[in-house]
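Me: Could you take a close look at the charged side chains here, and then at the aromatic rings? I'd like one connected answer, please.

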Amino acid sequence: MKDAAGKISDAEWLVMKVLWEESPLTASSVVERLKPVSTWSPKTIQTLMGRLVKKGALGVNKDESLYRFYPLVSQEECMHEETQSFLHKVYGGSFQLLLTHFVKEESLSDQELQDLRHLLDEKLK
C-alpha cells in the first residue's frame, strides 16, 4: 500500500479525494462528484480509476451488479508520501531547509506563527 500512495498523479488525487470523502462509490457516482471541479469525460475518469486499481490504491467490489470502488490507502498515507517526495526532490530531504524557506519567504499571520511556535514547543517536550 505504501508504494501505491507514492505513485498517485495530480489527476488521480482528485479521484481519490472523492473516494476518501465517501466510499464505496460506483464509477458514475465518482463522475457526478467530479463534474463541478473538472472537465473530464466519464471515460477519462474511469481510466483514472482503472489506473488506481492497478496501482493498488483503489479496490473494487465486484460482487454486486454495479462495481463499487473504495480506497485501499488512506489520505494520510498519501499525504505523507507526497510530502516526503517533495522534501527529497526540492530540499534534498532537509526539513530544516523547507521550514526555513517557508518562515522567511511566506507571509505568515500572527496566529500561524503562534501555532507553529506551539507545535515546536510541543516537539521539544
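Let's start with Lys-35: is this residue buried or exposed, and what is its relative accessible area?

Reply: Lys-35 is exposed, at a relative accessible area of 52%. For the labels here, buried is under 20% relative accessible area, exposed is over 50%, and partly exposed is in between, with a 1.4 Å probe and protein chains only. Before going on, note that this is a predicted model, where local features need pLDDT of at least 70 and side-chain atom pairs count only at pLDDT 80 or more, while totals for chains, interfaces and linings use all residues. Residues are numbered from 1 along each chain as its sequence is written, and side-chain values use heavy atoms, with hydrogens and water left out.

Now for the partner. Lys-35 makes a salt bridge with Glu-32, at 3.0 Å from N to O. The term covers a side-chain nitrogen of Lys or Arg within 4 Å of a carboxyl oxygen of Asp or Glu. Glu-32 has a relative accessible area of 46%, so this residue is partly exposed. In general, side chains of opposite charge can pair when their charged atoms come close.

Searching the whole structure turns up four salt bridges. Among them is Glu-22 with Arg-33, whose closest N and O atoms are 2.9 Å apart. That one ties together distant parts of the chain, 11 residues apart: Glu-22 sits in the loop between α2 (10-21) and α3 (27-34), and Arg-33 is in helix α3. (Helices are DSSP runs of H or I with at least four residues, strands are E runs of at least two, and both are numbered from the N terminus.) Glu-22 is partly exposed at 40%, and Arg-33 counts as partly exposed too, at 36%.

Another of the salt bridges joins Glu-122 to Lys-125, at 3.3 Å from N to O. Here Glu-122 is partly exposed at 40%, whereas Lys-125 reaches 76% and counts as exposed.

On to the rings: there are two aromatic pairs. Trp-13 and Trp-20 have ring centres 5.3 Å apart and planes at 65°, so they count as edge-to-face. (Rings of Phe, Tyr and Trp, the last by its six-membered ring, pair if their centres lie within 6.5 Å; planes under 30 degrees apart are stacked, over 60 edge-to-face, and the rest tilted.) Both Trp-13 and Trp-20 are buried. Phe-86 and Tyr-91 are edge-to-face as well, with centres 5.9 Å apart and planes at 65°. In that pair, Tyr-91 is buried at 16%, but Phe-86 is partly exposed at 36%.
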